[in-house]
Amino acid sequence: MIPAAFDYVAPTTVADALAALAEGGDEAKVLAGGQSLLPILRMRLNAPETVIDLGKIEELRGISEDGDTLVIGAMTTYADLLASDLVTEHAALLRAAIAEVADPQIRHRGTIGGALVHADPAGDVGAPVLALDADLVITGPGGERTVAASDFFEDLFTTAVGEDELLTSIRIPKHTGWGAAYEKFVRVAHQWSIVAVAATVKVADGQIAEAKIGLTNMGSTPLRAASVEAALAGGSTDAAAVAAASASAADGTNPPSDLNGDADYRKHLATVLTRRAVLAAVGS
Amino acid sequence: MTRITVTVDGQKNVDDVEPRTLLVHYLRETLGKVGTVVGCDTSNCGACTVHLDGRSVKSCNVLAVQADGHEVTTIEGIAANGELHPMQQAFHECHALQCGYCTPGMIMQAIDLLNDNPNPSEAEIRAGLEGNLCRCTGYHNIVKAVAQVAGQKGGE
Ligand SMILES: Cc1cc2nc3c(=O)[nH]c(=O)nc-3n(C[C@H](O)[C@H](O)[C@H](O)COP(=O)(O)OP(=O)(O)OC[C@H]3O[C@@H](n4cnc5c(N)ncnc54)[C@H](O)[C@@H]3O)c2cc1C
Ligand code: FES
Ligand code: FES
């Protein structure tokens with residue numbers, strides 16, 4: 001299938017992209033890696049008048065450090081993140097989750113910014129970004145603003161990024177030395193998460209000092225399993241203690257029911273996957 | 001129309017394309033590179049896999065205008081001096097195809113896989129081919145062919 005006709009612009013700076021967005025109004029659409037947008041255009045679920053390709057904006061790519069923070073440009077691809085030593089060292093949870101996205105071809109094109117703004121509740125990038133307490137930098141006509149990940153995801157496919165704005169970078173506090181695991185449950189290869197759990201854990205003196213847990217596809221947005229985090233903190237790393245803490249993983253969630261499983265099945269999965277992810281993250 | 005400059009299989013092309021043209025349609029219909037095929041409408045099957053600046057992509061999920069200024073390699077560009085690429089040769093020797101429809105994409109992804117990881121385990125080969133579907137072979141001989149090329153390279 002072929003998209004409906006559109007005008008195409010490929011600005012080379014964020015300022016020019018914002019100007020194009022302002023001019024195009026709600027008939028303009030931003031193109032990042034295209035791995036979600038192009039299927040949508042091909043199925044004609046959307047037919048923008050103008051497509052603004054961010055692919056030539058170098059300032060939106062790359063991974064750098066700013067003190068205790070990792071700064072990731074919105075146009076950085078999954079493949080770039082997987083190849084980054086900085087990500088492996090300071091945000092192991094992000095790496096673990098991104099390794100599970102789609103397939104190598106899609107990981108060569110898809111970007112972290114595109115995935116976050118697309119905000120598919122079954123997408124694998126939201127839960128680790130939420131669990132790592134990231135800040136999202138959004139740039140618009142009025143300049144730059146920063147939104148905490150906990151305020152970024154508003155609903156299905158809806159984020160804090162306005163129609164005249166761009167997500168420009170993702171700021172992740174370094175979680176150096178934290179264990180991490182992403183447990184993605186699927187039935188067949190190359191599938192979207194039925195449920196997935198992102199866990200990153202700091203172990204000190206054989207105890208869990210702190211744990212952060214993000215849930216994928218357990219509601220209309222990525223969620224934190226706050227009660228599990230509280231139950232794990234200060235506790236033992238042994239299997240029985242982790243299992244007991246994980247039992248509340250589905251508290252307060254509202255997962256969908258579909259052909260892959262009903263809501264109760266997903267709630268059960270969340271407890272099992274949380275236990276597995278935490279145990280993998282503490283290395284036992 | 002948008003003017004693009006794309007190097008395909010070593011040859012530079014300058015063409016005016018409609019922005020909505022998919023890279024795979026540009027390759028097949030404008031350049032006549034029909035070795036790259038379309039197998040689905042959902043970007044799942046991988047039959048259309050080519051290399052863009054040396055990394056595998058699904059050419060049904062890239063616009064031709066996004067390839068402007070970049071380099072594309074298709075299944076038609078990997079044999080050199082009349083000799084099959086080692087991956088093509090291994091697919092032939094290991095009987096890694098039946099109907100052959102998935103083969104152009106499968107071979108391009110297999111080459112990318114070994115560029116990324118020259119010594120993959122069987123599990124890593126299967127994971128690396130996750131985005132390529134084959135309806136005929138059951139994958140077994142495809143995995144064998146990739147392992148054979150990895151083994152040859154290891155022995156060099
Ligand atoms: C076959 C297939 C399987 C997949 N499987 C998975 C999977 O298992 N897990 C998973 O998580 N994902 C999966 N994906 C989706 C993939 O992760 C997409 O790459 C990602 O969701 C979108 O990133 P992108 O850079 O391609 O964005 P695009 O598709 O270019 O854009 C997505 C949306 O975000 C907007 N946008 C993009 N960048 C910005 C920005 N900087 N500022 C403002 N708006 C922006 C666009 O306008 C568009 O609405 C799959 C996709 C395919 C085709
Ligand atoms: S035709 Fe491109 S993935 Fe199927
Ligand atoms: S050989 Fe027929 S689809 Fe793979």
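**View 1. His51(B) sits across from Ser56(B), a residue of strand 4 of chain B.** This is a predicted model. The two strands here are strand 3 (residues 49–52) and strand 4 of chain B, which run antiparallel and are joined by four bridges.

**View 2. Helix 1 (residues 23–30) of chain B packs on the sheet.** Its contacts are with strand 1 (2–8), strand 2, strand 3 and strand 5 (71–73) of chain B. Against the direction of strand 2 of chain B, the helix makes an angle of about 105 degrees.

**View 3. Zooming out, the chain B sheet is open and has five strands.** Reading across, the order is 2-1-5-3-4, with mixed pairing. Strand 2 (11–17) and strand 4 (55–58) of chain B are the edges, each pairing on one side only. From one strand to the next, the twist averages 40 degrees.

**View 4. Helix 3 (residues 103–116) of chain B lies across strand 3, strand 4 and strand 5 of chain B.** Helix 3 runs at about 40 degrees to strand 3 of chain B.

**View 5. Over in chain A, strand 12 (residues 195–204) is mostly covered, with seven of its 10 residues buried.** Strand 11 (residues 179–185) of chain A pairs with strand 12 in the antiparallel sense, over seven bridges. Look for Ala180(A) opposite Thr200(A) in this pairing.

**View 6. Strand 12 and strand 13 of chain A make a hairpin with two residues between them.** Val201(A) faces Ala211(A) of strand 13 across the pair. In the turn, Asp205(A) has a positive phi of about 50 degrees.

Notes:
Residues numbered from 1 in each chain as written. Chains lettered and ligands numbered in written order. Predicted model: local features only at pLDDT ≥ 70, side-chain atom pairs only at ≥ 80, totals over all residues. Heavy atoms only, no water. Pairing = 2+ DSSP bridges. Axes fitted to C-alpha atoms, helices over the stretch in contact; angles between N-to-C directions. Contact = heavy atoms within 4.5 Å. Buried < 20%, exposed > 50% of the residue type's maximum accessible area, 1.4 Å probe, protein only.
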